[in-house]
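Work through the exercises below with the model open. Try each task before reading its solution.

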Amino acid sequence: MKSLVDLIETSNRLDDDQLRALLTTTDAEVVDYLHERARAVAQARYGTGIFVRGLIELTNVCRNDCLYCGIRRSNRHVARYTLTADQVLACCESGYALGFRTFVLQGGEWGDERADWIAGIIREMRSRWPDCAITLSLGEHSREVYALWRECGADRYLLRHETHNAEHYAALHPAEMSRDRRLQCLAWLKELGYQTGTGIMVGSPGQTVDHLIDDLQFIREFRPEMVGLGPFIAQHDTPLGHYPNGTIDMTTRLYSLVRLMLPNALIPSTTALATLSPEGRLQGILAGANVAMPNLSPADYREQYALYDGKAHTSSEAAEGLRQLATQLATIGYHIDWGRGDYRKNLDP
Ligand code: SAM
């Protein structure tokens, strides 16, 4: 079975049955070897530096009703907020002083009518911090809106496809959302020159190994610059709140498989993984992840951006905890890399 790990490392691909074997093996030695090779590939490309991105949770107002998400439209237990432009810029200012050179504006999805307001914030960020990368994670929009934000200076866009299987997608989302629309948005983002990120929730309700294989093959073919993978974590006010959480084991296997398929990908060790265990963040890095996204949002709002139960938002999840993150990283021989951390296309196989 270790030969499958060697094969994916040298060829950057496996067929469906080979992927199934690595996703389902109970042989701990094979899983350790998978992580070891993924880690070696990440280190060969990016060293032992972990890029940090300052996450700003712009709003928890959302027009969508995703069945798993705590900020879904019909959750009446959420106190809704939207940061003002000044609050966003203040987050950037303090983040810049801390050393961040990437800001991620993430939020619930609005209609395109607020696009100009967001465009104004992007323009201001671009002019005040020209050396920083601006990443957006604001959901599905028209091609025109994505183009506008790109022209204003946004560099990157994160939009997880959530699951590549259309039926599974339909089981996780309301009827008005579709997998095809999601994929169309991803294609537009790429065409417009965004460094594009996609990904899934691992262990989402109804997910099978076949779905994961389909997701991995899609990710390999789409070649995103960033891949966001985090465990599904139940949120008690949602229709899927009674399902079990995804696991660290499966999430870290996927980190390693993606790292070996797309050696240069920027892969965050996600907050959801850190929520499952205090060791989650480090386990993700040891499986080949190379990005961390500390929270720069004003402390008063963090609890209201509760996508799932127990979401980590203090200590090393928060910008104030950067020293703690650095200390944690040092225990496994890693450090914070304060660069912008762009995708290194010139290293593509
Ligand atoms: N609205 C934007 C979008 O749809 O991409 C960005 C915000 S959305 C809340 C960010 C991500 O949170 C989603 O892509 C989803 O994978 C993740 N998420 C939502 N609910 C979750 C849950 N219960 N467990 C784990 N991840 C969750």
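This is a predicted model: local features need pLDDT of at least 70, side-chain atom pairs count only at pLDDT 80 or more; totals for chains, interfaces and linings use all residues.

Residues are numbered from 1 along each chain as its sequence is written, and side-chain values use heavy atoms, with hydrogens and water left out.

**Exercise 1. Helices α9 and α10**

Task: describe how α9 and α10 cross, then list and classify the residues in contact.

Solution. 
- Step 1: locate the helices. α9 spans residues 209-222 and α10 spans residues 248-261. Helices here are DSSP runs (H or I, at least four residues) and strands are E runs of at least two, numbered from the N terminus.
- Step 2: take the axes. They come within 10 Å and cross at roughly 30 degrees. Axes are lines fitted to C-alpha atoms, for helices over the stretch in contact, and angles run from 0 to 180 degrees between N-to-C directions.
- Step 3: classify the angle. α9 is therefore roughly parallel to α10. The classes are roughly parallel under 35 degrees, roughly antiparallel over 145, roughly perpendicular from 65 to 115, and oblique for the rest.
- Step 4: assign the hand. The α9 and α10 crossing is right-handed. Right-handed means that the near helix is turned clockwise from the far one by less than a right angle; anticlockwise gives left-handed.
- Step 5: list the contact (heavy atoms within 4.5 Å). α9 supplies Leu212, Leu216 and Arg220, and α10 supplies Met250, Leu254, Leu257, Val258 and Met261.
- Step 6: sort by class. Seven are nonpolar, none is polar and one is charged. Ala, Val, Leu, Ile, Met, Phe, Trp, Tyr, Cys and Pro count as nonpolar, Asp, Glu, Lys and Arg as charged, and the others, Gly among them, as polar.

**Exercise 2. Helices α2 and α10**

Solution. 
- Step 1: the α2 and α10 crossing is right-handed.
- Step 2: Leu19, Leu22, Leu23 and Thr24 of α2 meet Met250, Arg253, Leu254 and Leu257 of α10.
- Step 3: six of these residues are nonpolar, one is polar and one is charged.

**Exercise 3. Arg63 and Glu140**

Solution. 
- Step 1: check accessibility. Arg63 is partly exposed at 36%, whereas Glu140 is buried at 6%. Buried means under 20% relative accessible area, exposed over 50%, and partly exposed in between (1.4 Å probe, protein chains only).
- Step 2: turn to the Glu140 side chain. A polar contact of 2.9 Å links the Glu140 side chain to that of Arg182. A polar contact is a pair of N or O atoms within 3.5 Å; within protein, one must be able to donate a hydrogen and the other to accept it, and residues adjacent in sequence count only if both atoms are side-chain atoms.
- Step 3: For Arg63 they include Arg73, Trp110 and Asp112. For Glu140 they include Tyr146, Tyr169 and Cys185.

**Exercise 4. Thr252 and Ala287**

Task: are Thr252 and Ala287 buried or exposed?

Solution. 
- Step 1: Thr252 lies in α10. Ala287 lies in the loop between α12 (280-286) and β8 (291-292).
- Step 2: Thr252 is buried at 6% relative accessible area. Ala287 is buried at 0%.
- Step 3: beyond four places in sequence, Thr252 touches His35, Leu273, Gln283, Gly284 and Ala287. Ala287 touches His35, Ala38, Thr252, Tyr255 and Ser256.

**Exercise 5. Positive phi**

Task: where do Glu162 and Arg223 lie?

Solution. 
- Step 1: recall the background. Most residues other than glycine have a negative phi.
- Step 2: phi of Glu162 is positive, near 70 degrees. Glu162 lies in the loop between β5 (156-158) and α7 (166-172), and is buried at 8%.
- Step 3: phi of Arg223 is positive, about 50 degrees. Arg223 lies in the loop between α9 and β7 (226-231), and is partly exposed at 35%.
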